[in-house]
Amino acid sequence: MGDTHALGRRLPQLVVGLALYGGSMGLMLRSGLGLDPWDVFHQGLQGSFGLSVGAWVTICGALVLLLWIPLRQLPGVGTVANVLLIGAAMDLTLRFVGTPGALPVRITLMVAAIVLNGLATGLYIGARLGPGPRDGLMTGLHRRTGGSLRLIRTGIELVVLAVGVLLGGTAGIGTVAYALAIGPLAQFFLPWFTVPTAEQAGRVGRVGRVGRSDRAGAAG
């Protein structure tokens with residue numbers, strides 16, 4: 001859990017962020033214009049072996065989490081919640097949202113899904129309750145091997161994308177748009193939703209009290 005500062009905000013923010021993340025993945029799938037690399041893989045598994053896409057999101061998340069053991073990574077509450085909630089939220093979205101026919105509507109749905117995914121990323125990471133299993137795998141490999149985090153992430157995502165396409169997953173303009181936009185979007189939203197640590201909050205409080213004291217002294 002880390003420090004328990006603002007836990008009453010962090011837990012709800014985590015749940016909302018993960019729910020929106022899964023919802024955005026469902027909207028992306030319904031646009032029919034391509035998925036992010038991991039979801040191309042999940043969709044390919046669905047087409048080859050059955051079950052829902054959300055079920056494969058959950059199964060793969062749990063399997064990836066097992067890879068943390070040799071990397072000596074420790075999951076947080078957010079890590080476990082990521083495995084349990086995102087796939088369920090994705091399946092729920094797919095149940096109630098159909099695939100639009102008109103191309104302009106599909107493009108709008110794709111754009112909205114990518115922006116929502118960036119917002120959701122800022123929410124759940126900003127809660128500071130643990131990374132998702134896939135992100136933790138990347139950072140764990142980086143820590144253990146000393147390799148470039150960017151190269152490790154790119155390598156993993158290229159592998160799952162290639163396997164997903166071979167299994168029949170949907171890659172397209174949405175895949176490219178997601179790859180180009182998600183980093184800047186997450187960077188934009190993260191400062192808005194990152195919950196400060198107790199030390200940071202205390203520092204801000206002290207600065208505020210000093211400022212009020214200075215103003216009171218000047219008024220006197």
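Mentor: Angles between helices run from 0 to 180 degrees between N-to-C directions, with axes fitted to C-alpha atoms over the stretch in contact. Please keep in mind that this model is predicted.

Trainee: At what angle do helix 1 and helix 5 pack?

Mentor: Helix 1 (residues 7-31) packs against helix 5 (residues 77-96) at about 40°, and their axes are 7 Å apart. Helix 1 is therefore oblique to helix 5, since angles under 35 degrees count as roughly parallel and 65 to 115 as roughly perpendicular. The crossing of the two helices is right-handed. Their contact involves 16 nonpolar residues, six polar and one charged.

Trainee: Which residues lie nearest the centre of the largest pocket?

Mentor: Asp135, Met138, Arg153, Glu157 and Ile182 lie nearest the centre, within a lining of 40 residues. The volume of this pocket is about 1200 Å³. Among the elements that give two or more residues to the lining are helix 1, helix 5 and helix 7 (133-145). Helix 9 provides the largest share, 10 residues. By type, the lining has 23 nonpolar, nine polar and eight charged residues.

Trainee: Where is Arg128 placed?

Mentor: Arg128 is in the loop between helix 6 and helix 7. Its phi is positive, about 60°, although Arg128 is not a glycine. With a relative accessible area of 25%, Arg128 is partly exposed.

How values were computed
Residues numbered from 1 in each chain as written. Predicted model: local features only at pLDDT ≥ 70, side-chain atom pairs only at ≥ 80, totals over all residues. Heavy atoms only, no water. Helix = DSSP H or I, 4+ residues; strand = E, 2+ residues; numbered from the N terminus. Parallel < 35°, antiparallel > 145°, perpendicular 65-115°, else oblique. Left-handed = near helix turned anticlockwise from the far one by under 90°. Nonpolar A, V, L, I, M, F, W, Y, C, P; charged D, E, K, R; others polar. 1 Å grid on protein atoms, 1.4 Å probe; cavity = no way out; pocket = protein on both sides within 12 Å on 5 of 7 lines; lining within 4 Å. Points joined across faces, edges and corners; volume = space filled by probe spheres on them. Buried < 20%, exposed > 50% of the residue type's maximum accessible area, 1.4 Å probe, protein only.
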